[in-house]
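Subject: Structure for you to look at

Dear colleague,

Please find the structure below, with the sequence. My notes on what was found in it follow.

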Amino acid sequence: MTRKSPALFLQRLARHLRAQDWTAAAIEFVLVVVGVFMGFQLTQWNEDRVSRAHEKTLMRNVARDLRDDVEEMDENVRTASSRMASLDHLLRLAGDWNPPKEFPSSRFSIQVEQVAPFDPKSEYRVGIEAFILSFYDGNRFAYEALINNDGVNVVQDQERLSEIQKYYALVDQLLTFEQSLAENRLRMLDAMQAEGISAVDGSSFEKVAQVVRQRPALRAAIENYWFYANRQVFLTKQLSAKANRLADEIEADYPG
């Protein structure tokens with residue numbers, strides 16, 4: 001149908017009406033209505049097709065970022081677990097250290113994460129173990145594109161969109177916690193340096209434990225940092241599991 005077709009239909013309709021050819025006029029009228037309706041439906045179908053393709057791209061980009069998050073967070077869990085095991089080993093050498101399985105509080109009980117015990121045969125040094133800290137950086141480019149470029153109106157599954165938003169709210173909570181973790185780490189490093197222990201002097205765990213045994217303030221700083229390392233492991237594990245599950249669900253809903 002050309003662009004001139006509606007005008008031709010109307011001309012023929014008018015001619016039939018003047019000739020009082022009601023049957024032909026009715027047929028022409030129906031054809032005009034059907035043509036307009038079909039044109040509208042075709043336009044709507046094309047717009048929906050473009051919108052669904054855009055939705056799929058946005059959501060699969062989010063799933064890709066979630067996969068990257070899982071990889072990064074799992075590495076952070078590994079390093080935090082190693083740090084936790086090293087500090088635990090140091091405190092046991094210093095004596096009288098047997099942490100509980102949980103820390104009850106007025107809000108909730110904080111579970112102690114079970115990590116692989118420190119290997120005394122390793123070449124790790126306590127200074128470096130305390131100094132190195134892996135943070136979660138995160139990649140939220142796809143999420144920002146989703147919420148800032150009318151993506152919230154494109155996504156049909158609002159429940160899935162809500163789950164994605166809740167995930168990134170938890171990401172913000174982890175980032176806030178890691179700021180406290182970094183501050184606690186600095187306090188421990190300051191306490192170690194005050195006792196002549198640096199990250200690069202290569203002191204053995206046994207040598208550092210002798211100092212810790214005689215310095216309650218240093219011991220308290222190390223115990224606090226161990227507690228923060230435990231919390232980092234717990235929060236990061238939870239978030240990694242949520243990211244992995246959410247990525248699975250998105251990829252199932254929007255197959256490549």
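Aspartate 150, which comes after H4, has a positive phi, near 65°. The model is a predicted one, and this angle, like every other value here, is computed from it.

H4 itself has two faces. Ala142, Tyr143 and Leu146 are its buried residues. The arc they cover around the axis is only 100°, so they sit on the same side of H4. Phe141 and Asn148, on the other side of H4, are exposed.

Aspartate 96 belongs to the loop between H2 and strand S1 (102–103). Its relative accessible area is 79%; the cut-off for exposed is over 50%, so aspartate 96 counts as exposed.

Aspartate 96 is also one of the contacts of arginine 219, along with Leu91, Ala94, Gly95, Trp97 and Val212, once neighbours within four places in sequence are left aside. Arginine 219 is part of helix H8 (residues 216–253). With a relative accessible area of 14%, against a limit of under 20% for buried, arginine 219 is classed as buried.

The largest nonpolar core is made up of 53 residues, and Leu66, Leu90, Ile164, Tyr167, Met188, Ile222 and Ile250 have the most contacts inside it. At least two residues of this core come from each of helix H2 (22–94), H3, helix H4 (141–148), helix H6 (158–194), helix H7 (205–214) and H8. The most is given by H2, with 13 residues. As a general point, nonpolar side chains in soluble globular proteins tend to be buried together.

Isoleucine 222, one of the residues with the most contacts inside the core, touches Leu87, Leu90, Leu91, Met188 and Val212, if residues up to four places away in sequence are not counted. Leu91 and Val212 are also among the contacts of arginine 219.

Phenylalanine 131 is placed in helix H3 (residues 126–131). Its relative accessible area is 42%, which makes phenylalanine 131 partly exposed.

Regards

Note on methods:
Residues are numbered from 1 along each chain as its sequence is written. This is a predicted model: local features need pLDDT of at least 70, side-chain atom pairs count only at pLDDT 80 or more; totals for chains, interfaces and linings use all residues. Side-chain values use heavy atoms; hydrogens and water are left out. Helices (H or I, at least four residues) and strands (E, at least two) are DSSP runs, numbered from the N terminus. Buried means under 20% relative accessible area, exposed over 50%, partly exposed in between (1.4 Å probe, protein chains only). Contact means heavy atoms within 4.5 Å. A nonpolar core is a set of buried Ala, Val, Leu, Ile, Met, Phe, Trp, Tyr and Cys residues joined through side-chain atoms within 4.5 Å. The arc is that of the directions from the helix axis to the C-beta atoms.
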